[in-house]
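Colleague: Hello! I am new to reading protein structures. Could we go through some features together?
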Amino acid sequence: MNSNILNVLKLLLYISVFSTFHSSCTKEIEIDIPPSKPKLVVYSTFVPFTIPYPKNFEVKVYATAHIFDTVKYPIRDAIVQLYKNNEFYDTINFYPECDCYTIPEMFFAEIGDEYSLIVERGGFETVTASSYIPSKVYIRDTIINPISYINEFGSAVGEIQFSFTDPVNENNYYELALSSGGINYDDYDSYFEIFTNATLITSQSYYPDLIRFDVPYPKFLLFSDDNINGQSVTLTIYYNPPQWFGEINYISTHYRTLHLRNVTKEYFDFKTTSIQQDYAKREDFLYGMGEPINVISNIENGFGVFAGFNNDYVTFKIDSVVVNK
Amino acid sequence: MKLKFLLIFILSVCLHTVAQQNITLSGFIYDNQSGEILIGANIYEKNSKSGCASNEYGFYSLTVAKTDSLEIIVSFIGYESISITVKGENKSNFNIYLNSGLFLNEVDINAKRTESIVEKNETGVVRLQISEIKQMPSLFGEVDIIKAYQLTPGVQSGGEAKSNIYVRGGSPDQNLILLDDVPLYYVAHFGGFFSVFNADAINDVKLIKGGFPARYGGRLSSVLDIRMNDGNFKEYKTQGTIGLLSSKISFEGPIKKDKSSFIISARKNLVPIFKMLGAGISYNFYDVNSKLNFKLSEKDRLFFSFYMGDDVIGLGNNTTNTKQKNNAAWGNTLGAIRWNHVYNSKLFSNLTLSDTYYRYKNIFEYKIDQDSIQKEMSNTLLTGINDLGLKMDFTYLLNSKNNFRFGFNSILHNFIPNDETFYQTGTNISTINLSYNSKSQALENAAYVEYEMKYGFLNGNFGARYSTYVIDNKFYQYLEPRAILNLIFTETFSAKASYSKSNQFVHLLSYSGSGMPSDYWMPSNVNVAPQNSEQYSAGLAKTFHNNMFELSLESYFKSLTNIIDFKPGESLLGNLDSWENVIETNGSGKNYGVELFLQKLIGKTTGWVGATMSKAERQFENINNGDPYPYTYDRLLDFSVVINHRIKENITLSATWTYGTGYPITLATEHYFINEQDVFVYGDKNSFRMRDYHRLDISANFTKKTDWGERTWNISIFNAYNRQNPYYYYYERESEDIIVAENGAIGNHTIYGDMKLMQRSLFSFFPSIAYSFKF
């Protein structure tokens, strides 16, 4: 075959493929989406008294908005009532300092009690929710290795291995998270992306497909005890330690706190569907759009989550180390 | 009991007819140049006004009242008709040879004797000529059979660059796609950009959308019956095409002249398209079709068919100490042995032994060996289906008014719904070796009987199919009545109606979030019942100008039960557990519509106009709050125009224009923020519509005879007026992170702009070129 013909065909392919994949092929669409009656959104997660990082009992209240509207800021004048074991406990007031409803007298939920919330605000349907705190599951036998391997970008990937024992004859749900040295429970920006090869976690629906190399890893790894009920389990997770690249590449001194949380089913459903929805929303040229997922909520007549969890954690200090490539 | 009575009645009518003195001509019809069989060629006896068509193996049998001589007219589109006068006596092995090359600037006067749409006892059948398909505009220069059928009424494409067909609101798994009588489970290359069918290797294609004859079963929505070429019996031929994306080549010829032949076709991508774009991904595909054909005697023919095709996408990263591989591969392998036998001038049979295997495999492997750290891990998902089949079909052509078909088939299904393995070992970590074995076996059997009658005004095809399915001690059995009624009012006008009851024992799960294939074929079992459908259709058929134009107007109603789908957000990847835990069952569907199809079959200008108005919906207990919702590929109005025009002997122009109302989409209607995450609230499933779709494609073929053979340049322009058609919609919001001082501290805040709904289109104006040769 004439090499000139092949060269012409190659050139035409480059032009055609380039025009397909790089030409401007997005446009804004006008569409009429009818408005819906706004609903209250409640976000409140609570833990038992934990030292040295206690978490105040807080409730944040928002409102839904039309998809094209600017989101309304927190609702500051709702009536928020807390019930303990079906008996009225307290009306929780709004405090601008935290932009939330809270009990200033250092209230902490306890294992074994059931807590309920009723939130009312004029112009909205009243919302209710209930939850409790599960038992604590302890982290043990932790090993941290800041340089487990070097990835394709030349960065070191750190590894944390640990074990825990799942309580027998309970339905347990877990969340793993990695934060910096301190704990700021509800500040998602203070958590780091983590990933694993453990099928216990990768088999969960929310965990990104292995072939989706283009999406970031989640900041929270959730799993259930369906396949590990009552067993002692060793897990390995990976993270990206802070690194400096120069004449010498090295990992700087850093602190990391590993959290193992025993969470309720409503917490598990809310968090996993939130992560799933976030991934499904990502616009991807090859894969199109993921199937739309609504975030599961235990807030009756509203959205959000009211859920308890029990948290164990281990904090590591990792000294600076030179990275070997 | 009712079936017995029906059979006895039919036999009585037939025996009464047979009691008259008749003579029978039978044999095969061939292309005179190549020796290829001609499927659907028409044989007509002028004096008795009786006719028939050659079957899918080229065999015909024409029985007429005894007379001294017979004037036989044989015709087939694209071939010169011939008229033969023979002595009035029984003749078996009366083989007929036609020359290709119809006079294109005039109408064949014998075309009116061709069995037209009016006379055929069929509803919902679309036949496209391969020669016509090859002239149509093509993406990347790839002529594609599936894409041609997507331009016919009642068939949806599913969106840009998709090679599935959604027939009358059915899903892709509900199409029985047969390659030489053997089912294929996956028919798309390159993420659906084009199908696995190499047009150079194909002889005949027929799509049946409703009124399924009893010989077809196991699927609910359509039958796409594809017959490969047998190979040139007389001389060696080579043809090939070099296109932008892939190239193909085909060799055929006699093993022993006029006795045996072979054909082998292969296609592969030659250009590493993703690597070319700078992405670290490799993507390759190929397919191979081959066939051996032996005429053992005048009564016996033996065929060996083979198909294999794969797509592989891979991402690999290797450094000094680490190796990482992430591959997905999917494809089909198919092998079949067929034996045709002519018992006598009226009885013909075909026996097929086959093996067809579809698999999808996803492999992740990682290995590190660095100083004191060694680690190895791998994760594999395998899903697939392997069918071993035995099929026996008999055709008894009693006379020109009465035909029978009967037979049976048996399929041993070996399902691999989701085999998964996970292995991990290394320094300071526990060794893990997990596997989940999902293999299961099922046996599907069916027997059928079909009776076709042609009594002038009253015609029809009536039959029944009895099918059984056994898996894990669970036994399903169904009786499937089939009926087609054709009332021929005049030579050029008829009214038709049909009824089909069908069952399907395999289910397809497709993760809707993935553009690349994620097709999982699952068995019906104790917990997941077979899918069922009932379809009614009624229509009118008309021809004009000596069968130059065929017009059909048909309406249909189809109900579906026991359909399955993934639970929202679920997939099988990483699921070391039963697949039944991630699906919704007991779904139902309702599809109805009206189709108009006008074809011009003969002349310098050919083509068609197709229009469909339809509705398709689904309902599951736990999806959309249990309310019905539009099926993902519900298209209220679909319209296509295809024109092929031969300007000169060596230059053809072709254009297609397609229009469709927008596909349904689920959009978020509200949102709220929690911890800086913008959470969407989605409305009812598929309650909105994307923009309308329309596109013009044009192409030109320039053929030139050379010293060594013939060459053709094909120039195509896809989306000639650069319509930005919707591929999908997504929301986009600009945001800006700012640092603010608040409450005596420095903090981060994100300021969000307006939310916008954006449309992504896939193909803009896209020229392509292909070079074909044959010698």
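Modeller: Gladly! Let us start with A:C100, which is buried at a relative accessible area of 0%. Buried means under 20% relative accessible area, exposed over 50%, and partly exposed in between (1.4 Å probe, protein chains only). This is a predicted model, in which local features need pLDDT of at least 70, side-chain atom pairs count only at pLDDT 80 or more, and totals for chains, interfaces and linings use all residues. Residues are numbered from 1 along each chain as its sequence is written, chains are lettered from A and ligands numbered from 1 in the order in which they are written, and side-chain values use heavy atoms, leaving out hydrogens and water.

Colleague: Which residue does a disulfide join to A:C100?

Modeller: A disulfide is a pair of cysteine sulfur atoms within 2.5 Å. Here A:C98 is the partner, with 2.0 Å from S to S. A:C98 is partly exposed, at 24% relative accessibility. Over all chains, the structure holds one disulfide.

Colleague: Why is the disulfide of A:C98 and A:C100 called left-handed?

Modeller: Look at the torsion about the S-S bond: it is about -95°, so the disulfide is left-handed.

Colleague: Now for charges. How many salt bridges are there over all chains?

Modeller: Side chains of opposite charge can pair when their charged atoms come close. The rule for a salt bridge asks for a side-chain nitrogen of Lys or Arg within 4 Å of a carboxyl oxygen of Asp or Glu. By this rule the count is 35. One of them pairs A:R76 with A:D99, whose closest N and O atoms are 3.2 Å apart. A:R76 lies in the loop between strand 4 (65-66) and strand 5 (79-84) of chain A, and A:D99 in the loop between strand 6 (87-95) and strand 7 (100-102), so the pair ties together parts 23 residues apart in sequence. Strands (E, at least two residues) are DSSP runs, numbered from the N terminus.

Colleague: Are A:R76 and A:D99 buried, or partly exposed?

Modeller: A:R76 is partly exposed at 45%, and A:D99 is partly exposed too, at 26% relative accessibility.

Colleague: What about B:R267 and B:D287: buried or exposed?

Modeller: Both B:R267 and B:D287 are buried. Their side chains meet in a salt bridge of 2.8 Å, N to O.

Colleague: And which residues are linked in a network of salt bridges?

Modeller: That network links B:D180, B:D230, B:K291, B:R301 and B:R338.

Note on methods. Helices (H or I, at least four residues) and strands (E, at least two) are DSSP runs, numbered from the N terminus.
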